[in-house]
Amino acid sequence: LSLSVMLFLTACKAGKQMPKLSNKKLCADSECSHPILIARALQDYYPGDCRFIPIQQGQLVYVYAMLKDRGNLFWAGSVQNTYYGEQEARIGHFPSSVVEETHALMPATTEVKTTNWDFYCN
């Protein structure tokens, strides 16, 4: 038991809690598990910290949440690469201004409170 507690504490120290970008988000469901739209990147985006994902011009982005505070400036989503490698998909934030909506999938009508885990960096 003590070994698992030590491993848990070590794993917690490896990550970093970052400031929240918003207190609420709009999603398709209460778990934010369904994409609400597909967008295409208008330009390259290089993130300033680990809360954000890098995006290259032309890539497809599956949007799962729209952060509600501060005028809907940031969205959360996952980049669709042109290949399927061993790299695991990662959901992160990005400015909504770097993408354009291409396909609406589900309405973002469910308001969900953000948690500290939404802005946790590994």
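Is Cys27 buried or exposed, and what is its relative accessible area? Cys27 is buried, at a relative accessible area of 0%. The model is predicted.

## The disulfide

Searching the whole structure turns up one disulfide. Its partners are Cys27 and Cys32, with an S to S distance of 1.9 Å. The torsion about their S-S bond is about 75 degrees, so the disulfide is right-handed.

Cys32 has 11% relative accessibility. That value is under 20%, so Cys32 counts as buried.

## The nonpolar cores

The largest nonpolar core holds 20 residues. Those touching the most other members are Leu37, Ile55, Val61, Val63, Trp75, Phe94 and Val99. Strand 3 (37-41), strand 4 (60-67) and strand 5 (74-80) each give two or more residues to this core. Strand 4 gives the most, with four residues.

Neighbours within four places in sequence aside, Val99 is in contact with Ala39, Arg40, Ala41, Leu42, Val61, Trp75 and Phe94.

## The loop at Ser96

Ser96 sits in the loop that runs between strand 6 (91-95) and strand 7 (99-104). Ser96 counts as buried because its relative accessibility is 17%. Setting aside residues up to four places away in sequence, Ser96 touches Asn72, Leu73, Phe74 and Trp75. Trp75 is also among the contacts of Val99.

Definitions and conventions:
Residues are numbered from 1 along each chain as its sequence is written. This is a predicted model: local features need pLDDT of at least 70, side-chain atom pairs count only at pLDDT 80 or more; totals for chains, interfaces and linings use all residues. Side-chain values use heavy atoms; hydrogens and water are left out. Buried means under 20% relative accessible area, exposed over 50%, partly exposed in between (1.4 Å probe, protein chains only). Contact means heavy atoms within 4.5 Å. A nonpolar core is a set of buried Ala, Val, Leu, Ile, Met, Phe, Trp, Tyr and Cys residues joined through side-chain atoms within 4.5 Å. A disulfide is a pair of cysteine sulfur atoms within 2.5 Å.
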